[in-house]
Amino acid sequence: MFSWMASTKTPDSIFVCNECGTVERKWHGQCPGCAQWNTLVEEVAPTPSVGKGARRGIGGAGASETRALDGTGLAAVPAPASRAARGAAPITEPVILSEVRAARIRRIATGIGEFDRVLGGSDAVGLGLVPGSLVLLGGAPGIGKSTLVGAALGNLVANGTSVLYVSGEESPEQIRVRHERLGSAAMGVPVIAETDLDSVIATIEAQSPKPEVCVIDSVQTLYCADLSGAPGSVGQVREVAARLMQVAKSRDIAMLLVGHVTKEGSLAGPRVLEHLVDCVLHFEGERERTFRTLRAAKNRFGSTNEVGVFEMEEHGLVEVLDASARFVGDATNNPGSVIFAAMEGTRPMLIEIQALVSRAEADPPRRVVNGIDRNRLSLILAVLGRHAGVSLSGHDVFVNVVGGVRIEEPSADLAVALAVASAARNAVLANDSKPLVCFGEIGLTGELRPVPQADRRVAEAVKFGLSHALFPAPKGDRSGAHSVSEALDRAFS
Ligand code: TYD
Ligand code: MG
């Protein structure tokens, strides 16, 4: 199926162990050096020439040379004599940072507000993509990555920005079908369907005018002919990304790499690129649900706190600007339901958390979570049992964050504890059909710990007419709740 398989060219590649650095000519399942399994990764072999550009790969370029010098039993791999030893290495003059001139480079706005906010920026440079940067957009298949980048490119083209959409997954006909749904702007995007890395780079370099933004969809489908591994293998993905990074940096192109991750995030691909790229965005949610969140796991040019919320609709992704209103409006107010006042970056957001407690069918009882960390639930259940008299050892406990949102802050502890307690007692937390809003971290001794930005969280609740709020009392305040058991007393009084 793939032409690279039929290639008769001898691949000029080596296999390097990720654990111990052993270099081999052939791939081995078990590393001959350290006996670890599945640690050998294909790399382009260093060329005999000495000096810059001897290797195209970025990550580990110098490292391979050292490894070869280590005498790892790979005589055929040329080991150039150290330049420093020959006294030929040029000296680099250190500079004082205050004397370094940092040009204020304007960012390239994609025109999708939530996307630009997550990418970061400032009033001075605007929000959006940094020219010459490499952004990795990871997410499960079908989550809407192509839809998001397609809409972004459409907006850019409409604004007169030159772009290029490289698809290794779909034909132009298939892309057209999607873009027809996204509106007329998206139909103006120039596309190529290509999987050969050299050809993609040659095309990018030949474009006139030079593309300012280039999307690679996806990084796992491109292959470098110098390596024998299949597209998507660790060695291929690394080499593809490293070469694209050189193009991005040297030509000042903002490069968006789309990458698939499995539910466990285990697939060879995005995970191995995180150290290489400038920004890693995760596009998450459940395919069956309409809400999607976009957040930065790493951002050299901005905050990693911002979250963009989208909804997948008939005509593409729609930004959910007032997520709180949606979540509060849909809240059930039944036993087991509570509203958590979250801070998603600079933005407060009200999210419903639901719990279900039922007699356990089997031993050990089930702890099923959706949107929160399972270990965090275990901790909260232990504290509820030990310090608040809510023992659930014989019960299955299910916790769900509504709308497919994932919460990482420990400030959600109190909301989870109250939802579980409400479900266990089959008692509603809502007052006059207005849901209870809460937030707060729970400590191991059952104490409530204050969390950042309490005033902004409360203000968000007030904005939606929710005056019934429960959160850790500030130090010295005798009337407020200081422990989980006090919070339960108040919530159910
Ligand atoms: P897609 O962007 O192709 O996902 P990914 O690139 O992450 O694999 O699209 C995901 C799903 O979204 C697909 O099943 C179809 C659906 N969809 C809509 O509901 N509305 C739309 O306007 C578009 C373009 C897609
Ligand atoms: Mg896609």
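Predicted model: local features only at pLDDT ≥ 70, side-chain atom pairs only at ≥ 80, totals over all residues.
Strand 15 spans residues 337–344 and is mostly covered. Eight of its eight residues are buried. In a regular strand the side chains alternate between the two faces of the sheet. Here both faces are covered. S337, I339, A341 and M343 lie on one side. V338, F340, A342 and E344 lie on the other.

Strand 15 pairs with strand 16 (residues 347–359). The two run antiparallel and are joined by eight bridges. S337 has Q354 as its bridge partner in strand 16. The hairpin of these strands has two residues between them. In that hairpin, G345 takes a positive phi near 65 degrees.

Strand 15 also pairs with strand 19 (residues 437–438), in the parallel sense. Two bridges make up this pairing. In strand 19, C438 is the bridge partner of F340.

**The site of ligand 1**

There are 15 residues around ligand 1. G142, S146, T147, E313 and G316 come nearest. By class, the shell has four nonpolar, six polar and five charged residues. Helix 4 (145–158), helix 5 (172–182) and strand 13 (307–313) each supply at least two shell residues. Helix 4 gives the largest share, three residues.

| Residue | Protein atom | Distance to a ligand 1 oxygen atom |
|---|---|---|
| G316 | backbone N or O atom | 2.5 Å |
| S146 | polar side-chain atom | 2.7 Å |
| I143 | polar backbone atom | 3.3 Å |

On its own, ligand 1 has 560 Å² of accessible area, and the protein covers 76% of that.

How values were computed. Residues numbered from 1 in each chain as written. Chains lettered and ligands numbered in written order. Heavy atoms only, no water. Buried < 20%, exposed > 50% of the residue type's maximum accessible area, 1.4 Å probe, protein only. Helix = DSSP H or I, 4+ residues; strand = E, 2+ residues; numbered from the N terminus. Pairing = 2+ DSSP bridges. Near = heavy atom within 4 Å. Polar contact = N/O pair within 3.5 Å; in protein donor to acceptor, adjacent residues only side chain to side chain. Areas by Shrake-Rupley, 256 points an atom, 1.4 Å probe, with all protein chains shown as cover. Nonpolar A, V, L, I, M, F, W, Y, C, P; charged D, E, K, R; others polar.
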